Amino acid sequence: MSEAFEFDVVVVGHGIAGLCAAVSAMERGKKVAVLERAPEDDSGGCTRYTEAYLRLKSEDELSDDFEEILAQCGVSSASPNIVQAMAQAPEQWSGVVRSSAVTDPDFIATFARETIPTIQWLKDKGIRFIATHLPHITLRDHTPMIVPSGGGLAMQEALLASAVKGGVSFFYETAARGLMQDAQGKITGVEAVSRNNRPMQFHAGSVVLACGGFEGNPEMLARYMGQAPPISARSRRDAISTWEMASRWRKPPARRSAVTTTPITPPRSTSAPGAPRPRCWCFHTASW
Ligand SMILES: Cc1cc2nc3c(=O)[nH]c(=O)nc-3n(C[C@H](O)[C@H](O)[C@H](O)COP(=O)(O)OP(=O)(O)OC[C@H]3O[C@@H](n4cnc5c(N)ncnc54)[C@H](O)[C@@H]3O)c2cc1C
C-alpha cells in the first residue's frame, strides 16, 4: 500500500534546476515538495560539482555571442528547412524536425531574456558572483565570464536555506519512478519509492522534472548517445532520468546535442573550505 501525500507542486531533483523551481513556486505561495534520490549530504547531482562558469560580461550583461554559442552548441547538421520548420508550434513539428539536432530557438530566446533577471533573483538569495578572465578549460577563447563565489555548491546551499525557511518539504532517498496520470492523460503527480523500497504517491497539480542528465548511466548513454562509458560519476544516481519519465508520458523530441568531456575540479563550498577535491569528468549537453 502506497503512502500518499498532497502538494501543489512536486519537484523531482535537488540540483540547481530543481531548487530554483521549488523556491520560485514557494515564493508564489505554493505548497512544494522536493524529491531527491540521494541522501541529503550527497544531493545535488552535477550542481554540487560544477564551478558554474557563466558566459556573461557582468551580472548585468550577457556576452555578445551568448545566443550564437547556444545555437552552435545544439547544431550538428542544420538544414535551413528544419530551422524554418521550428518556427511552428512544437505540436506541429514533424518527426524529422523533432529528431533534429537543433536547439529550439524559443528556448534560446527565453534563456537570453531571463538570464539577467535570474542572476538578480539569485543575488537576492545571498549568492555572490565574481568576474573571471581565467580561460575555461573547455573553451578556446578568453571570453570574460562570471562565476558564483563557491561554485554550484554555494548556490545549492543558498537556495536550500531559502526553501527550508519558506517551508518547502524535502524527501531525501526518495526516487521518482514515474508520472501519475488520469484517464485523459493529464499528469496528476509522481510515483516514488523510499530507501526501503516503500512505495509513495505524491499528488500534485504541477510536476517539475529536474533530475539532470544521464551521463552516469551507461545503458542510456549507449542507447541515446552511442557512447557506453559513464562520463560523470556524479550522475550515477540518474538511473531513471527526466528523459525516461517524460518519454513514457509523451513522445519526446529525440534530440542529440554537442557533448564535451572535461577533467574537472571537485566541489567547493562556502561551508566546507577544506573539503577534499577528487577528480571527475564534466559532460555538457547543450540542447537536451
Ligand atoms: C564537473 C562539472 C563542471 C561543470 N561546469 C559547468 C560550467 O562551468 N558552467 C555551466 O554552465 N555548467 C557546467 N556544468 C553543467 C552544470 O553543472 C549542469 O548543467 C547543472 O548543474 C545541471 O543541474 P540540474 O539541476 O539540471 O541537474 P543536477 O545538478 O544533476 O541535479 C539532478 C538531481 O536529481 C536527482 N535525481 C535524479 N534522478 C532522480 C529521481 N528519479 N528521483 C529523485 N531524484 C533524482 C539527482 O540525484 C540530482 O541531485 C558542469 C557539470 C559538471 C559535472
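**Ground rules**

I am working from a predicted model, in which local features need pLDDT of at least 70, side-chain atom pairs count only at pLDDT 80 or more, and totals for chains, interfaces and linings use all residues. Residues are numbered from 1 along each chain as its sequence is written, and side-chain values use heavy atoms, with hydrogens and water left out.

**Overview**

I noted 8 helices and 12 strands in the protein. These are DSSP runs numbered from the N terminus: helices are H or I with at least four residues, strands are E with at least two. Of the 288 residues in the protein, 44% are buried. Buried means under 20% relative accessible area, exposed means over 50%, and partly exposed lies in between (1.4 Å probe, protein chains only). I also looked up contacts, meaning heavy atoms within 4.5 Å. Among those between residues at least 6 apart in sequence, 62% join residues at least 24 apart.

**Positive phi**

Most residues other than glycine have a negative phi. Back to Ala52, then: its phi is positive, about 65°, although Ala52 is not a glycine. Is Ala52 buried or exposed? I read a relative accessible area of 11%, so Ala52 is buried.

Asn197 also went into the notebook. Asn197 is not a glycine, yet has a positive phi of about 65°. Asn197 lies in the loop between β9 (187-194) and β10. The relative accessibility of Asn197 is 60%, so Asn197 counts as exposed.

**Aromatic rings**

How many aromatic pairs does the structure hold? I find 8 aromatic pairs. Rings of Phe, Tyr and Trp (its six-membered ring) pair if their centres lie within 6.5 Å; planes under 30 degrees apart count as stacked, over 60 as edge-to-face and the rest as tilted. One of the pairs is Phe5 with Phe202, which is stacked, at 5.0 Å centre to centre and 10° between the planes. Phe5 sits in strand β1 (residues 3-12) and Phe202 in strand β10 (residues 199-209), so this pair ties together parts that are 197 residues apart in sequence. Both Phe5 and Phe202 are buried.

Phe5, Phe7, Phe171 and Phe202 are linked by ring pairs into a cluster. Lys31 has its charged end over the ring of Phe7, 5.0 Å from the ring centre. A charge sits over a ring if NZ of Lys or CZ of Arg is within 6 Å of the ring centre and within 35 degrees of the ring normal.

**Helix packing**

Two packed helices are described by the angle between their axes and the distance between the axes. Axes here are lines fitted to C-alpha atoms, for helices over the stretch in contact, with angles from 0 to 180 degrees between N-to-C directions.

I took helix α1 (residues 16-27) and helix α6 (residues 151-165): their axes come within 9 Å and cross at roughly 25°. That makes α1 roughly parallel to α6. Angles under 35 degrees count as roughly parallel, over 145 as roughly antiparallel, 65 to 115 as roughly perpendicular and the rest as oblique. The crossing of α1 and α6 is left-handed. A crossing is left-handed if the near helix is turned anticlockwise from the far one by less than a right angle, and right-handed if clockwise. Residues of α1 that meet α6 include Leu19 and Val23. On the α6 side, Leu159 and Leu160 are among them.

Next came helix α2 (residues 66-73) and helix α5 (residues 105-124), with axes that come within 10 Å and cross at roughly 145°. α2 passes α5 in a right-handed crossing. Phe66, Glu67, Leu70 and Ala71 in α2 meet Ile108, Ala109, Phe111, Ala112 and Thr115 in α5.

**Single residues**

Thr132 is in strand β5 (residues 129-132). Thr132 is at 10% relative accessibility and counts as buried. What does Thr132 touch, not counting residues up to four places away in sequence? I list Tyr53, Pro144, Met145, Ile146 and Val147.

Asp42 is in the loop between β2 and β3. At 15% relative accessibility, Asp42 is buried.

Arg37 has a relative accessible area of 27% and is partly exposed. C-alpha to C-alpha, Arg37 and Ala176 are 7.5 Å apart in space, and 139 residues apart in sequence.
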